[in-house]
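Student: Please show me how to read the inside of a protein model and the place where two chains meet.

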Amino acid sequence: MQQRPLFGGQSEPPESASAAQVYTVSQLNAEVKILVETTYPLIWVEGEISDFKQPGSGHFYFNLKDSKSAVKAVMWKSSHRFMRWQPKNGMKVMVHGRLTVYEPQGSYQLDVVQMVPHGKGDLYAAFEQLKEKLQSEGLFDSARKRSIPMLPRKIGIVTSPTGAAIQDILNVLNRRFANLGILIFPATVQGEEAAPTIVEGLGVLNLSRQIEVIILARGGGSIEDLWPFNDETVARAIYSSRIPVISAVGHETDTTISDFVADLRAPTPSAAAELVIGTKSEFAERVRNHSKRIHASLHNRLLYLRNRVNVAARHRALAGFPEKLRTQQQMVDDYEGRLRAGLTRYHQIQQRKLIAVQQKMSPGHLKHLIEVRRSRLSNLFGRTRTSIQKKVHDVRRSAERFEAKLTSLSPLAVLERGYSIAYSEDGTILKNATQTSSGKAIRVKLHHGLLQCEVKETQND
Amino acid sequence: MTETVNQDPVSFEIALKELEGIVKQLETGEAKLEEAIELFERGMKLTHYCSQKLEEAEKKVEMLVKDSQGQYRAVPFEPEK
């Protein structure tokens, strides 16, 4: 560089090219281009993206800046075609590229061939971005996760038919529940064509009416191998599946977007088979156990009730039943006795009258009269006896009916059916609400024990 | 209670859950005798249903393959060793 005076006259331009070189602008820019492009062939530059633009051409135009300085950058579509994430203003990135000079403008820019988020891999960034996006859309909401049926009629599996994963799943399922229906959709689980086949598989299995759960599975592999399970279309297919989906991708430490969207995440394919169904023997045992307990509890209950009824039958409160019957019987006996006595007395009176009359009358006439009277009397006696006998018979009949009724209403029969008996204070059985009134004490005999109650309210039918 | 006695449960899971409930009700002895007998009958029905469900699924491992018309068809799955 030539020295120039700070003040005063201007330096003289060289008289000839030989004294000092005079560049044309084009020459200058051409030389700078060579200088710059050879000095900075492929370099890594880190900075923050600003003024990011992606016009219709699809190329990326942006500035890369730090706190003091900025540099223009371009990333052609051909270079970012395989990028799995979208750059945004403010993102810290590392770019790999050449420094190029744009001669018409005398400007320079970075021609970026690769861009990675600062400190992280490309895939990781893509993963994080998709995760964030789907999460904000609600695809991972726990509220929408459906429960896996306990005993699915049929299990659908989307996986490679040749991998270890399907073998693991089938082995475990066969061990746990041998008579299960399983339908496999053979999917490609690696590479570019994987995502579309997985999406198709989920769709096809969703057409089945019998499949009640789907396992989406793949064995272990690198993050690139598992990449189809971080695909957005796969995530959306899982989300829109009518049938609950269990995601079982890679090893326990691998987490994919599929895992987040699925209704249930299994750490491995084998684990998915463990989660999808319990063991048949365990189910059968549970059912058997319930059945046993139901039988036992009812048996015990009936045993207990029989015992209670036997105890109750000897109870004072129920002793009233036979007592009443005895009273009735006694009344019948008494009535009969009185009728007999009355009849005898009447007979005796008639006999005495007859004798008196006999003594007064002439033997012939009297004899006739006596005969007439006697026959009348005997007739009368017979009729009276018949009517009394009938009465006695009726009373006996009603007593028998009463007894039969009591038998049918025996404490055992009544109380075993769960009825209860209410008694008023004086021990009469309440059949009608009008027999008592509010505030009165009543006793309620249950099949288990006795309740001392107070009537709160009476209601007539 | 009465209405459900004749109803078929919708799934094994629901039947088993109901069965568990019945066991609990019967064991606590809270139900009246008439109810207890109904519960018992319902319980027996559910037991039968559950056992049947456990046996009914048939063992079948199939795989979908596309036929010449491009339609999916289920064929027995032959695992490759």
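Student: Which residues does A:Ile198 touch, not counting residues up to four places away in sequence?

Tutor: Two residues are in contact if their C-beta atoms, placed from the backbone, lie within 7 Å. By that rule, A:Ile198 touches A:Val158, A:Ala187, A:Leu216, A:Pro228, A:Val234 and A:Ala237. This is a predicted model, where local features need pLDDT of at least 70 and side-chain atom pairs count only at pLDDT 80 or more, while totals for chains, interfaces and linings use all residues. Residues are numbered from 1 along each chain as its sequence is written, and chains are lettered from A and ligands numbered from 1 in the order in which they are written.

Student: What is a nonpolar core?

Tutor: In soluble globular proteins, nonpolar side chains tend to be buried together. A core here is a set of buried Ala, Val, Leu, Ile, Met, Phe, Trp, Tyr and Cys residues joined through C-beta atoms within 7 Å. Buried means that 20 or more other C-beta atoms lie within 10 Å of a residue's own. The largest nonpolar core has 67 residues, and A:Ile198, A:Ile214, A:Ile215 and A:Leu216 touch the most other members. Helix H1 (residues 12–28) of chain B gives the most to this core, 7 residues. Helices are DSSP runs of H or I with at least four residues, strands runs of E with at least two, numbered from the N terminus.

Student: How many residues of chain A are in contact with chain B?

Tutor: There are 31, in contact with 35 residues of chain B. H9(A) gives the most to that side of chain A, with 12 residues.

Notes
Buried ≥ 20, exposed ≤ 12 C-beta atoms within 10 Å, placed from the backbone.
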